[in-house]
Amino acid sequence: MAAMSPSERRLQKELMSLMKEPPPGVTVDGDQASQNLTLWTVHMEGVPGTLYEGEKFVLQFKFTNKYPFDSPEVTFIGNNIPIHPHVYSNGHICLSILTDDWSPALSVQSVCLSIVSMLSSCKEKKRPPDNSFYVKTCNKNPKKTKWWYHDDSV
Amino acid sequence: MMKTEDPKDLITFSENLKDLLQSNTKLMQSVESDLIDVEILDEIKDIVIYGNAGVYFGKTLRDIKIVIEDDELRKHELYLQYKGPKKLLITTVKLPRSSMHNQEYGCIKDIIETFRQNVIELARYFYELENMDQSCTIMEPVNQSFKDDYRRIFLDDRTWLHVEVTPEGLATNIHLVGVSEQWHNKLQAGLLNWDHDKNIVDNIMTIFDLSQFPQPSSKQLDQHKMDIEENSTENSVVCGICLCSDLPDASGLPLPLCQNPSCGVYYHRSCLYQWLVACAGNRPPAFGVANGGCPTCLQPITCSEKDN
């Protein structure tokens, strides 16, 4: 077997710990991820007692070979994209740690927890105000978007 | 040897015979590849009888280990391989930068003589390393041996002192691992007064004004012991960036490079440097020292490309 690159080594370690001790409501598709370490599918359940209780979401993580120096590309995929002021209807997420505030000390697990908490603290289910314009004009890769972070409260 | 009891028929018998012949051929081959000549066996016998060195065989008769003792009863090891008559290749010498490594010798006596001469010349070197190992808490290397010519001494939980020892037993390339103003100022002032007539441990104690060496708390020591026991498994200190303990391409364990006492995340120097340079737009920093924020606690942090 060829020697693993540093990014593969790190992804392998993250995958193992995420499968062993997943945060509540979060499950990673381990088979798919171990076949292709650069593309992960993570299933997420709406936290009981929040607006998203009982809903199921699917997140996709794409990694480059520069990971963790390069942030992962994270989007919601599938039929159920959460209705949230920071989530566009094409699945793109406006979250600073996914671009400007990314740090290699963050991980798939910490990104998942941030998204869970972003959803859980939502007070009103609605799309971002610029949703229709953004979805029409944006790049396929959310990391190419110059985000204007709306607020820090949600 | 041959199992010929009740050969039920001729086929079973011939199969047994075939197996036996095959296994015997294998046996013959492995014996042959193990053989060494009589001359060297006689030589080894002499050495063992006169007792000036220990001779041990490894997996085969061709893998030979030689152990000699110095005046202080420290044991020193050397490994060689028998390549043919009068062809003995030194594979490992447990001494720093030994010139014997990878050399071929004609007989074992020559090897022992050269080895002993080397060991005698390194007497001061052994003494200094041994003295450091006994007086200080050594953070690196994890399993200290005379083959490693450096020690990293615990000063506090963020700061270690790196000392290298020359074959003559003199300290060199002394510097701090971790950035601490307090230790740094003392070191800068003290290095000018280094007294080569005194041993390294005494010099370090004078520089930092110590009556005894600082020791990690029992918890830290436990953690460190676990690191030693399980060098690359889950319990060892991992780098906050690559999540590994050992790097495939570079030697060295993760270090306490962040000076924020409530952070406590270790990084490989190369990982942290790569991140800080990437944050600064991938421009190589002036003097090889990158600045930025700690990836974990975001406090200001500096990191030099090379280990000083």
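Helices and strands are here DSSP runs, a helix having at least four residues and a strand at least two, numbered from the N terminus. In this predicted model, chain A contains four helices and four strands, which follow one another along the sequence in the pattern α-β-α-β-β-β-α-α.

Where chain A meets chain B, 11 residues of chain A are in contact with 14 residues of chain B. Arg9(A), Lys13(A) and Phe69(A) supply 49% of the area that chain A buries against chain B, more than any other three residues. The side of chain A that touches chain B comprises five nonpolar, one polar and five charged residues. The values for the pair of chains are set out below.

| Chain A and chain B | Value |
|---|---|
| Area buried between them | about 1,200 Å² |
| Share of that area on carbon and sulfur atoms | 64% |
| Salt bridges | zero |
| Residue pairs in polar contact (both at pLDDT 80 or more) | three |

Within chain B, helix H4 covers residues 123–135; because its 13 residues at 1.5 Å a residue should span 18 Å, the 18 Å between its end C-alpha atoms agrees with expectation. Its buried residues are Tyr125(B), Phe126(B), Glu128(B), Leu129(B), Asn131(B) and Met132(B). These buried residues pack against several elements of chain B, including helix H3 (108–121), helix H6 (200–207) and strand E3 (75–84).

Key. Residues numbered from 1 in each chain as written. Chains lettered and ligands numbered in written order. Predicted model: local features only at pLDDT ≥ 70, side-chain atom pairs only at ≥ 80, totals over all residues. Heavy atoms only, no water. Expected span 1.5 Å × (residues − 1). Buried < 20%, exposed > 50% of the residue type's maximum accessible area, 1.4 Å probe, protein only. Contact = heavy atoms within 4.5 Å. Buried area = accessible area lost by both parts, 1.4 Å probe. Salt bridge = Lys/Arg side-chain N within 4 Å of Asp/Glu carboxyl O. Polar contact = N/O pair within 3.5 Å; in protein donor to acceptor, adjacent residues only side chain to side chain. Nonpolar A, V, L, I, M, F, W, Y, C, P; charged D, E, K, R; others polar.
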